[in-house]
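Welcome! Let's take a friendly walk through this structure, one feature at a time.

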Amino acid sequence: MSKIKPLDRVDLAILKTLQSNGRITNVELAQKVNLSASPCLDRVKRLETDGYIKRYGAFLDASKLNYGMTAFIQVTLDRTTADVFKLFKIEVVKIKEIVECHLVAGGYDYLLKIRFANMESYRLILEKVAGLPAISQTHTYIATEQIKEDAGVPF
């Protein structure tokens with residue numbers, strides 16, 4: 001097993017640049033971080049191999065794709081055992097409208113972020129959520145305005 005090399009300022013500059021523009025060419029990236037193209041590409045490949053770069057993608061406009069509404073659902077389980085957590089994880093990833101799921105510490109067990117088109121589709125999603133294993137209670141909060149969107153790691 002190879003040892004992961006600590007990040008230096010150039011690595012961090014590469015990550016910051018790629019996070020804001022994943023379509024940048026290697027030549028442009030190399031210029032931005034003051035490297036020649038070949039060492040820059042080597043660093044990017046190492047950052048990918050070491051798991052700092054998980055994937056590349058595009059940020060889509062959810063409202064243009066009929067998923068313009070967002071809600072957060074607090075989920076409380078009726079028991080918190082290892083087998084229930086495992087089963088919940090297996091089942092929650094099957095619901096495509098759940099775009100994020102976090103196990104949290106506090107007054108409830110999971111926080112789900114869902115995207116949907118309208119209240120009818122919300123109700124159908126809520127039925128799916130209610131059918132998840134060991135659900136005791138849910139509370140939904142409909143987002144009425146998005147003030148700030150996740151832009152990645154704050155450099």
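A pocket here is an open set of grid points where a 1.4 Å probe fits, with protein on both sides within 12 Å along at least five of seven lines. Please keep in mind that this is a predicted model.

With that in hand, look for the largest pocket, which has a volume of about 1800 Å³. Its lining is made of 44 residues, and those nearest the centre are Arg55, Ala58, Phe59, Asp150 and Gly152. Several elements take part: helix 1, strand 1 (69-77), strand 2 (98-103) and strand 3 (110-116) each give at least two residues to the lining. Helix 1 supplies the largest share, five residues.

On the helix 1 side, the contact is made by Val10, Asp11, Ile14, Leu15 and Leu18, while helix 3 brings Cys40, Arg43, Val44, Arg46 and Leu47. Of these contact residues, seven are nonpolar, three are charged and none is polar.

The whole structure holds three aromatic pairs. One of them joins Phe85 and Tyr110 edge-to-face, with 6.1 Å from centre to centre and 75° between the planes. This pair links distant parts of the chain, since Phe85 sits in helix 4 (residues 82-92) and Tyr110 in strand 3, 25 residues apart.

Technical notes:
Residues are numbered from 1 along each chain as its sequence is written. This is a predicted model: local features need pLDDT of at least 70, side-chain atom pairs count only at pLDDT 80 or more; totals for chains, interfaces and linings use all residues. Side-chain values use heavy atoms; hydrogens and water are left out. Contact means heavy atoms within 4.5 Å. Helices (H or I, at least four residues) and strands (E, at least two) are DSSP runs, numbered from the N terminus. Ala, Val, Leu, Ile, Met, Phe, Trp, Tyr, Cys and Pro count as nonpolar, Asp, Glu, Lys and Arg as charged, and the others, Gly among them, as polar. On a 1 Å grid over the protein atoms alone, a cavity is a set of points where a 1.4 Å probe fits but cannot get out, and a pocket is an open set with protein on both sides within 12 Å along at least five of seven lines; lining residues have an atom within 4 Å of a point. Grid points are joined across faces, edges and corners, and a volume is the space filled by probe spheres set on the points. Rings of Phe, Tyr and Trp (its six-membered ring) pair if their centres lie within 6.5 Å; planes under 30 degrees apart count as stacked, over 60 as edge-to-face and the rest as tilted.
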